[in-house]
Each structure stands twice: as structure tokens, then as C-alpha cells.
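Subject: The two-chain model

Hi,

Here is the structure I promised to pass on.

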Amino acid sequence: MDDALKKTLIEAMTGAIVTHADELTALDQAIGDGDHGLNMKRGFEAVLAEMDLITAKPLPDALKAIGTTLVMKVGGASGPLYGTLFMTLGKELPPEPTIADLARALAAAIEAVKARGKSDLGQKTMLDVLAPLQAALAHGGADLTKRLPEVVRFAAEATVPLKAIRGRASFLGERSIGHMDPGARSSALLATAICNAIGA
Amino acid sequence: MPASKNVGIVIVSHSAKVAEGAADMVRQMVGDNVPLAAAGGNAEGGLGTDVAAIMAAIDKAWSEAGVAILVDLGGAETNSEMAVEMMPEERRERIVICNAPIVEGAVMAATEASGGSSLAVVQATAEELMSA
């Protein structure tokens, strides 16, 4: 992957998080500790600040560097979770990945996030967006960059009726029902930003 | 503090005040022959936990006998696990995260550590609080 595309993708992800930071924080205020937007914004702005260093690396190393930066800068549990996601993608992807490579690497990254968060599907977390995204990638087909944003939007909305089992929202038990999971929303935002940047 | 042969204790809380307060209690009740460090709050000084700060605390409390970490809520545990994984490989297996209440666990672990107990015994002593 060339440096220009890596830059475009980092700018797109950072832009999506910065634009929606208040929304993510509002979602987190409903069922968490109300800092998800701010934390993610801090993390991705740190990635953006190191963009030239990061994009000069081959894709696997660039992804690992993004993961490490997120771990160090995000704070809160989403730092290690997103950090683990990006680091594992970096470990699993070749420098010039195909869609099939992406599907396989994301499957490995999902397992790593499950282990890090001691969580599983259906527990109202980012996994509930990442798993349908991975399934759609594995299924493949035409117009993926146009279809995936719909897939992740529905998946994030599908976390609304779920009861949180992991994370701060789990303290609320039944009261977590009726709110979208902020991590599911931020995952959907990132996936959509990537699709839009590639599809544009 | 000179290099100690005793297991070190690291206290990780979402609140800097909680982490420092728990460390104060350990110092007063156990004394200072146990390497001790606290990491509380996020990098901006707000509530949260910070992987870099946890790594620095592990360094500060490092002992060849190992380090036992006490954590409060979920994010502190997740970030502590991340910090351990980012430590040099030869240190990783000598760092444990105790499943114990943070204040009582820190005091009990430090008391056990001050007598020269092994990392496994220090951890078990702290974790007995969960089954008590």
C-alpha cells in the first residue's frame, strides 16, 4: 500500500472520530463513564500527529505503530482494545493485502480483542460491529465499499436492545438496554471512514 | 530505595488520589522495605488509567522477585495487562495482576512481600481476600 493511501486512511479515520467525538461521548454518558469520544479523539489526533513517521513504514508496521499509539494515548479500556485490534491487523496482514487477507486478519484481530476484553459476541461491545464486518468481508462480492457502511450501521444499531455484559455499561445491567454501545458506534465510524476513503 | 529482594507492589486506580492514598496506607502500615509505586488517572490528570504510567510504575517498583499489581475497575485491569505485555519479555512472567480489592489487597500483598515471600505467595495472600 502506498504512503498516500495510508495518509488518506489515517486522515479519514481521525476525521470521523473528531467529527463524532461529542456523539460518542453522549452515547458513553448514557451507559458508561462518558469519555469515549474524548479518549478516541485524543488517540487518533496522536496518530495524525505522527502520520509521516507512521506512513513511511510498510503497512504491517504502520498498523502496529497506530495500535501502540492508541494504547498509549487513548486512556481507558478502549485504548488497549483498539490498540490490540490494530496491532493484530499489523501482525496478520501482508504489505499489499487483498480483501481475503483483510477478512482473515480481521478474524484474528477479533479473537485478540475478545481475549483482551474477556468478552464475546452479543455482549454489547465493538465486537458486535466487527464480527458482521468480518463476515461481509469474508463473503466478498462487488461494491464492498458501498455495502459495508450499511452493514456496520445496522450492526451498531443492533446493539441498542442488547444488555451489556462487559465493560462499564455492564454495571447498569437492564438499564443498559435501549442505548447504542459507544464502542460499536466508533467501530462503525472507523469502518465507514475507511470504505468512503477507498471508494471515493 | 536500594534494590530490594522483596516482591514489588504496584497500585493502579482510575483515580490518582485513590492510587496514592492506597500507597500511603501501605507505607504507613507495612513500612518501606517493599518497592512500591502507584499509577492513577489518565495522562491528562483526569479519571482513567494510562498504560505508559503503569509501565513506569512497574519499572519503579521493579524487583527481581517480581511485581504484584492491584487494580480497581475493568479498565485498570485491561490497561495493566496491556502494560505487562509491553514490558521486556524476560520481565513479563514475573509480573502478576491480583484479583483482589485494591486497598486491602495492596496492604495484604505488601505485608506478605515484606517478609520476603515469593510472588506466587504474595498473589495468593491478596487473592484470599476474594474468597474470605
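**Chain A overall**

A compact globule of 200 residues would have a radius of gyration near 16 Å, and chain A agrees with that at 16 Å (the radius is taken over C-alpha atoms, and the globule rule is 2.2 Å times the number of residues to the power 0.38). Before going further, please keep in mind that this is a predicted model, where local features need pLDDT of at least 70, side-chain atom pairs count only at pLDDT 80 or more, and totals for chains, interfaces and linings use all residues. As for bookkeeping, residues are numbered from 1 along each chain as its sequence is written, chains are lettered from A and ligands numbered from 1 in the order in which they are written, and side-chain values use heavy atoms, with hydrogens and water left out.

Chain A has 10 helices and 0 strands (helices are DSSP runs of H or I with at least four residues, strands are runs of E with at least two, and both are numbered from the N terminus). Along its principal axes, the C-alpha atoms of chain A fill a box of roughly 45 × 35 × 30 Å. Of the 200 residues in chain A, 52% are buried (buried means under 20% relative accessible area, exposed over 50%, and partly exposed in between, with a 1.4 Å probe and protein chains only).

For contacts in chain A between residues at least 6 apart in sequence, 64% join residues at least 24 apart (a contact means heavy atoms within 4.5 Å). The accessible surface of chain A is about 8,500 Å², and carbon and sulfur atoms account for 60% of it (areas come from the Shrake-Rupley method with a 1.4 Å probe; for residues, only the protein chains shown count as cover). Chain A carries 21 positive and 23 negative charges, and their mean positions are 5 Å apart (Lys and Arg count as positive, Asp and Glu as negative, while His and the chain ends are not counted; each charge is placed at NZ of Lys, CZ of Arg, CG of Asp or CD of Glu).

**Helix H2 and its surroundings**

Helix H2 of chain A covers residues 21–31, and its buried residues are A:Ala21, A:Leu24, A:Thr25, A:Leu27, A:Asp28 and A:Ile31. Viewed down the axis of H2(A), these buried residues fall within an arc of 160 degrees, so they line one face of the helix (the arc is that of the directions from the helix axis to the C-beta atoms). On the other side of H2(A), A:Asp22 and A:Gln29 are exposed. The cover over the buried residues of H2(A) includes helix H1 (3–19), helix H3 (36–49) and helix H10 (182–199) of chain A.

A:Ile17 sits in helix H1 of chain A and is buried, at a relative accessible area of 0%. Leaving out residues up to four places away in sequence, A:Ile17 touches A:Leu24, A:Met40, A:Lys41, A:Phe44, A:Ser186 and A:Leu190. A:Lys6 also belongs to helix H1 of chain A, and this lysine is buried, with a relative accessible area of 6%.

**Two loop residues with positive phi**

Most residues other than glycine have a negative phi. A:Lys124 has a positive phi of about 70 degrees although it is not a glycine. A:Lys124 lies in the loop between helix H7 (99–117) and helix H8 (127–139) of chain A, and counts as buried at 1% relative accessibility. A:Asp143, not a glycine either, has a positive phi of about 60 degrees; look for A:Asp143 in the loop between H8 and helix H9 (144–157) of chain A.

**Chain B**

Chain B has 6 helices and 4 strands, in the order β-α-β-α-β-α-α-β-α-α along the sequence. With 132 residues, a compact globule would have a radius of gyration near 14 Å, and chain B agrees at 13 Å. The C-alpha trace of chain B spans about 35 × 30 × 30 Å along its principal axes, and 51% of the 132 residues count as buried.

Chain B exposes about 6,000 Å², with 53% supplied by carbon and sulfur atoms. How far apart are the mean positions of the 7 positive and 18 negative charges of chain B? They are 8 Å apart.

Cheers
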